[in-house]
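Let's take a walk through a structure together. Have the viewer open and follow along.

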Amino acid sequence: MTKTVVVRGEKFELAVEQKSKSVWKVSGAYKGKLLQWEGRSPNIAAARWREHARYLTL
């Protein structure tokens, strides 16, 4: 499964993996770096990924 997120107007495709019943992992490349985050749902994990990517560009 994949999820699309937008960071500063640019779209990124994230790979989504269910690690356990209540743990989801998203991973994707941002500016040459692989970012991975986990959360209780795919949306929570993707939001964490997006927030981290936004701070990398500051």
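Leaving aside neighbours within four places in sequence, which residues is Ser27 in contact with? Counting contact as heavy atoms within 4.5 Å, the list for Ser27 reads Glu13, Leu14, Ala15, Leu34, Leu35, Gln36 and Trp49. Ser27 sits in strand β3, which covers residues 23–30. Ser27 counts as buried because its relative accessibility is 18%, where buried means under 20% relative accessible area, exposed over 50% and partly exposed in between, using a 1.4 Å probe and protein chains only.

A word on the ground rules. This is a predicted model, so local features need pLDDT of at least 70 and side-chain atom pairs count only at pLDDT 80 or more, while totals for chains, interfaces and linings use all residues. Residues are numbered from 1 along each chain as its sequence is written, and side-chain values use heavy atoms, with hydrogens and water left out.

Now zoom out. The protein has four strands and one helix, and from the N terminus on they come in the order β-β-β-β-α. Helices (H or I, at least four residues) and strands (E, at least two) are DSSP runs, numbered from the N terminus. The C-alpha atoms fill a box of roughly 35 × 20 × 15 Å along the principal axes. Of the 58 residues, 29% count as buried. If you take contacts between residues at least 6 apart in sequence, 21% of them join residues at least 24 apart.

So what is on the inside? The largest nonpolar core has 13 residues, and Tyr30 and Trp49 have the most contacts inside it. Such a core is a set of buried Ala, Val, Leu, Ile, Met, Phe, Trp, Tyr and Cys residues joined through side-chain atoms within 4.5 Å. At least two core residues come from each of β1 (2–7), β2 (10–20), β3 and α1 (42–56), with α1 giving the largest share, four residues. Click on Tyr30 and, not counting residues up to four places away in sequence, you'll find it touching Val7, Phe12, Leu35, Trp49, Ala53, Leu56 and Thr57.

Next, the loops. Arg8 belongs to the loop between β1 and β2, and Lys31 to the one between β3 and β4. Phi of Arg8 is near 50°, a positive value in a residue other than glycine, and phi of Lys31 is also near 50°. Arg8 is exposed because its relative accessible area is 52%; Lys31 counts as exposed at 61%. Ser41, in the loop between β4 (33–39) and α1, is partly exposed at 21%. Ser41 and Lys25 are 16 residues apart in sequence, with 8.4 Å between their C-alpha atoms.

Finally, hop to Met1, in the segment before β1. Met1 has a relative accessible area of 62%, so it is exposed. Even so, not counting residues up to four places away in sequence, Met1 touches Leu14, Ala15, Val16, Trp24 and Pro42. Met1 and Lys19, 18 residues apart in sequence, are 13 Å apart from C-alpha to C-alpha.
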